[in-house]
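Dear colleague,

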Amino acid sequence: MTTSGRREYGGIVTRGDKQADRPTGGGRAGGKRPKPVRDEARNVAYDLLRAVDERDAYANLLMPTLLRERGLSGRDAALATELAYGTLRGLGTYDEIIAACSDRPPEDIDPPLLDAIRIGVHQLLRTRVPPHAAVSATVDLVRLRIGTGASKFANAILRKVATRDLGQWLPIVAPDPKDDPVGHLAVAHSHPRWIVSALRDAVGGRFEDAEALLAADNERPAVTLVAWPGRSTVGELADSGAVPARYSPYAAYLPDGDPSSVEAVGQGRAAVQDEASQLVALALTRVPVEGSDRLWLDMCAGPGGKAGLLDSLAVQDDRHLLAADQRFHRARLVWRATRRAGVITADGTEPAWRPSVFDRVLVDAPCTGLGALRRRPEARWRRSPESVPELAALQRRLLGSALDATRPGGVVAYVTCSPHLAETQAVVGDVVKRRSDAEVLIAPDYLEEVDHLGDGPYAQFWPHLHNTDAMFLALLRKTP
Ligand SMILES: C[S@@+](CC[C@H](N)C(=O)[O-])C[C@H]1O[C@@H](n2cnc3c(N)ncnc32)[C@H](O)[C@@H]1O
């Protein structure tokens, strides 16, 4: 798609020159309604939101396909992504504002129309698109995709929304923090109430920390690369425009651009991986073990992020990694990410290996993913608190099985991409209490380059403190 006929609004490009500037509503100038302008970036954002709602699509997986199919790149692609992801993250706040501007509650508005209005509200309240352009572009979208009647409704709501900025709307739509602090944070930072409560508990009950965490969840995460040791180097990534990272010796931040255009990534010698993910895998390899250190196991390895790093480290020191995942297609991804590891499809709770044979075991357990909300913009609305006990039961079984697989003197890393206490401390505490052959190590001792990981014995990364996912790590020694 060409960029001719586009106009730049404060760093964001939108299409339609004079049309995008045209004021909307208030009747037809000269009696004739101007033709709506098709705007591909907004269409992509709208289609993504519809796919998330109708087909349970994963935004971060579908977006690259949509951009490719529609031929969007550069600033148009950035605009489509910002509109879609920003709207998905912010819709908890936006729906409260839409409710205040409408005679119908959001749940009574037709879902396609509601999604289009949400995109409009996001532009009005969180982007530098001028209000008249945000309104007219959204109204055009609704006219083209839904119909003229719906576009009048959207126009009326958006014009009301545009009368205030976000800072003026929040005291109107969010509960008073003195009466209902959790409800206030839920509306102000667009998270479901149950997640606000869980995250507040995970940060030790401090509302200021919870607020900083919730705000960080709404930020676009940095793209972090891993240079797989022995296959590429951070220096090589830096030569491609990445910046050496703060903590991990294998990480570099990519300020902009497509990661696959970095040569080492394109050639499968480096990959995209959050820095905390690298560090928890690294911590497992740093714990001293007496005697043999030849056989490592990654029990829940798909899609292979940590296995890729562990395999590279294992190859360097002539160790061997076995990587397992319960799902065949996830195991295939692990196969692609590794060079020498054995990869199998196996249920970690019904081991395909003999007991007490591994020197180091990683169990990166399936979890709610509440630590990666920045990356999966719709995830916060999909998860329900009912999933927590079921996951916690599986996590206990997997950790127990990991300890069974480890030889006495060996070490287990229990990792979740969630800071929810029921998936982290409660799981480890319970499993260790029921066994006499496991001892909890002080995990931050093996990550000395990182501050603020907690008072131990566990290590907890945070988006607002480390600019990483909220990854949890427990290190356990198997005792005789
Ligand atoms: C959090 S992900 C692991 C991420 C991976 N370690 C990485 O760094 O890319 C959890 C994985 O556990 C797998 N899984 C779920 N239940 C399992 C089980 N009972 N046994 C083995 N793998 C399981 C899922 O298929 C999923 O791929």
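This is a predicted model: local features need pLDDT of at least 70, side-chain atom pairs count only at pLDDT 80 or more; totals for chains, interfaces and linings use all residues.

Where does α4 kink? The kink is centred on leucine 91 and amounts to about 70°. Of the 28 residues in α4, 20 are buried, so the helix is largely enclosed by the rest of the structure.

The crossing of α2 and α3 is right-handed. On the α2 side the contacts involve Glu40, Val44, Asp47, Leu48, Ala51 and Val52, which meet Ala59, Leu62, Met63, Leu66, Leu67 and Arg70 of α3. The spacing within such lists may be read against the helical repeat: an α-helix has 3.6 residues a turn, so residues three or four places apart point the same way.

According to an unreviewed UniProt entry, residues 199-479 carry the annotation "domain: SAM-dependent MTase RsmB/NOP-type". This span is 34% helix and 21% strand, and its end C-alpha atoms lie 33 Å apart. The unreviewed entry also annotates a "binding site", whose residues include Pro303 and Asp364.

Proline 303 is found in the loop between β7 (295-298) and α15 (305-316). With 17 other C-beta atoms within 10 Å, proline 303 is partly exposed. Leaving aside residues up to four places away in sequence, proline 303 touches Arg330, Leu333 and Val334. Aspartate 364, in strand β10 (residues 358-364), counts as buried, with 24 C-beta neighbours inside 10 Å. Under the same exclusion of sequence neighbours, aspartate 364 touches Cys300, Lys306 and Val415.

Most residues other than glycine have a negative phi, and most peptide bonds are trans. The bond from glycine 302 to proline 303, however, is cis, with omega near 5°. Another cis peptide bond joins glycine 456 and proline 457, with omega about 0°; proline 457 is in the loop between β12 (438-440) and β13 (459-460).

Positive phi values occur at aspartate 318, near 55°, and at asparagine 467, near 60°. Aspartate 318 is exposed, with 7 other C-beta atoms within 10 Å, whereas asparagine 467 is buried, with 21.

Yours sincerely

Terms used. Residues are numbered from 1 along each chain as its sequence is written. The bend at a residue is the angle between axes fitted to the seven residues ending there and the seven starting there. Helices (H or I, at least four residues) and strands (E, at least two) are DSSP runs, numbered from the N terminus. A residue is buried if 20 or more other C-beta atoms lie within 10 Å of its own, exposed if 12 or fewer, and partly exposed in between; C-beta atoms are placed from the backbone. UniProt positions are given in the numbering used here, feature names are shortened, and annotations may be inferred rather than shown by experiment. A crossing is left-handed if the near helix is turned anticlockwise from the far one by less than a right angle, and right-handed if clockwise. Two residues are in contact if their C-beta atoms, placed from the backbone, lie within 7 Å.
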